[in-house]
Amino acid sequence: MKTTFVVPDDLEPARRADDATAVGDVIPPHNKRCFGCGPDAMQGLHLQAIAGEGLTATAVLEVERRFAGGPGVIHGGILASAFDEMMGLTNMLMGTIAVTAVLDVDYAAPIQVGTSLRMDARVLGLRGRKVYSEVVAYDAATPGDPLAGGHGLFVVVDPVDHFTRANARP
Ligand SMILES: CCCCCCCCCC(=O)SCCNC(=O)CCNC(=O)[C@H](O)C(C)(C)COP(=O)(O)OP(=O)(O)OC[C@H]1O[C@@H](n2cnc3c(N)ncnc32)[C@H](O)[C@@H]1OP(=O)(O)O
């Protein structure tokens, strides 16, 4: 893949929270109406990310026809949403809430409707409040070269303060 996203080479290590979702369990949705992970988001992706060892998680997105952009292939924005969500959920294993500041997607190959898209995400490390994460996507049926990859720079926030201010009318 050919991303130009720069991951600092002096990241501080990130740590799994003691009360993080157990390995093998689904990381609970952070908001039932979230487009990425919420069970009540009627048109959403309904991602279920399984916590892995350390700060990793995996999910499979069934690329349904409703996710199409170009004929027969996934819409780039849908893939970006799935990547954003996968990294956001994986970050939660640290026991903090971090919102996306920068999202970088490397669309390495077209992804056909009907693909079972496996996404493996992990936290790379920290720099102060900044969290660097990555995600790589494969065809679950025929693993081989990645079909796409993503990086995110997230910023740890106090969720009550952040979302109270975000929802305040000017
Ligand atoms: C319940 C929670 C859900 C958790 C899971 C979420 C999964 C999905 C994730 C999302 O989609 S979140 C929604 C999309 N994101 C947003 O709506 C965030 C909107 N942006 C903001 O609210 C603020 O800009 C932000 C909180 C990201 C930063 O504002 P702050 O005032 O808190 O921090 P500040 O601006 O001081 O930046 C902190 C550090 O991040 C750096 N930074 C911030 N934005 C950056 C940027 N765009 N590019 C590069 N660096 C950036 C900034 O330079 C600084 O670096 P240093 O510590 O080294 O000085």
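**Close-up views of the predicted model**

**Figure 1. Surroundings of Leu-61.** Leu-61 is in contact (heavy atoms within 4.5 Å) with Leu-45, Leu-47, Phe-67, Ile-74, Ala-82, Thr-115, Ser-116, Leu-117 and Met-119, when residues up to four places away in sequence are not counted. The model is predicted: local features need pLDDT of at least 70 and side-chain atom pairs pLDDT 80 or more, whereas totals for chains, interfaces and linings use all residues. Residues are numbered from 1 along each chain as its sequence is written, and side-chain values use heavy atoms, without hydrogens and water.

**Figure 2. The largest nonpolar core.** This core has 38 residues, of which Leu-47, Leu-61, Ile-74, Met-86, Ile-111, Leu-117 and Met-119 touch the most other members. A nonpolar core is a set of buried Ala, Val, Leu, Ile, Met, Phe, Trp, Tyr and Cys residues joined through side-chain atoms within 4.5 Å. Buried means under 20% relative accessible area, exposed over 50% and partly exposed in between, with a 1.4 Å probe and protein chains only. At least two core residues come from each of strand S2 (56-62), H1, strand S4 (116-127), strand S5 (130-139) and S6. H1 gives the largest share, seven residues. Helices (H or I, at least four residues) and strands (E, at least two) are DSSP runs numbered from the N terminus.

**Figure 3. Thr-90 in helix H1.** Thr-90 belongs to helix H1 and is buried, with a relative accessible area of 1%. Apart from neighbours within four places in sequence, Thr-90 contacts Ile-27, Leu-55, Thr-56, Ala-57, Ala-121, Arg-122 and Val-123.

Figure 4. Among the 15 residues around the ligand (a heavy atom within 4 Å), Asp-84, Thr-100, Arg-129, Lys-130 and His-162 come nearest. A polar backbone atom of Thr-100 is 2.9 Å from a nitrogen atom of the ligand. The protein covers 51% of the 1200 Å² of accessible area (Shrake-Rupley method, 1.4 Å probe) that the ligand has on its own. Helix H1 (76-91), strand S3 (97-107), strand S6 (148-157) and helix H2 (159-167) each give two or more residues to the shell, and S3 provides the largest share, five residues.

**Figure 5. Helix H2 and its start.** None of the nine residues of H2 is buried, and this helix is hardly covered. At the start of H2, a side-chain oxygen of Asp-158 comes to within 3.0 Å of the backbone nitrogen of Val-160.

Methods:
A polar contact is a pair of N or O atoms within 3.5 Å; within protein, one must be able to donate a hydrogen and the other to accept it, and residues adjacent in sequence count only if both atoms are side-chain atoms.
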